[in-house]
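The exercises below ask you to read a structure step by step, and each task is followed by a worked solution. Please keep the sequence and the coordinates at hand while you work.

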Amino acid sequence: PWPVVAHPPCKRWGKYWFGSPSSPIRFKRGDDDGCFAAALASVREFGGVLEHPEGSSAFAWHGLEKPSRGLGWVEAGDGRGWVCSVEQGHYGHEARKPTWLYAVGTMRPDLPWGPSVAAKKVENMAKSKRHLTPVPFRDMLLALARSAA
């Protein structure tokens, strides 16, 4: 019963939701065992924030507006929350790492909306570093969740 910071698995919602282009094994889009739906339900019920990579098909799949870069917070289209796009490069990630946020019941702080100066592309980074969340970004997400009424 507390506000949440949710990051459901993104593997089946991103660019390669079907699996590796060189692998014969194919997956179904959105086959995450209901993790995104559960995270979304928790944020809607208890307030907080959900984060997912830019371009996640989960947003449209679950009826959320796709945030646009540089526009700040916009209504999510579900009558409950707000969405935005922010780059984790502003918070110390080696790559720009554009990320979508969905927030319910929180303050909507002014975040750095433009492009970050991070030079690397996520795709060119070692897998062990791609998924890391910079501490300042984590702290911003926690503060956002704590602001939920």
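**Exercise 1.** Which residues of α1 are buried?

**Solution.** The model is a predicted one, in which local features need pLDDT of at least 70 and side-chain atom pairs count only at pLDDT 80 or more, whereas totals for chains, interfaces and linings use all residues. Residues are numbered from 1 along each chain as its sequence is written, and side-chain values use heavy atoms, with hydrogens and water left out.

Step 1: locate the helix, where helices (H or I, at least four residues) and strands (E, at least two) are DSSP runs numbered from the N terminus.

Step 2: apply the burial cut-offs (buried under 20% relative accessible area, exposed over 50%, partly exposed in between, with a 1.4 Å probe and protein chains only). The buried residues of α1 are then F36, A39, L40 and V43. Viewed down the axis of α1, these residues fall within an arc of 100°, taken from the directions from the helix axis to the C-beta atoms, so they line one face of the helix.

Step 3: look for their neighbours, a contact being heavy atoms within 4.5 Å. The buried residues of α1 pack against β1 (4–6), β2 (48–53), α2 (57–61) and β5 (98–104).

**Exercise 2.** Describe the salt bridges of R69, and place each partner in the chain.

**Solution.** Step 1: a salt bridge requires a side-chain nitrogen of Lys or Arg within 4 Å of a carboxyl oxygen of Asp or Glu, a rule by which the count comes to seven.

Step 1: R69 and E54 meet at 2.6 Å, N to O. R69 belongs to the loop between α2 and β3 (74–75), while E54 sits in the loop between β2 and α2, 15 residues apart.

Step 2: R69 also forms a salt bridge with E87, the closest N and O atoms being 3.6 Å apart. E87 lies in strand β4, 18 residues from R69 in the loop between α2 and β3.

Step 3: compare the surroundings. E87 is buried at a relative accessible area of 4%, whereas R69 is partly exposed at 42% and E54 is partly exposed at 30%.
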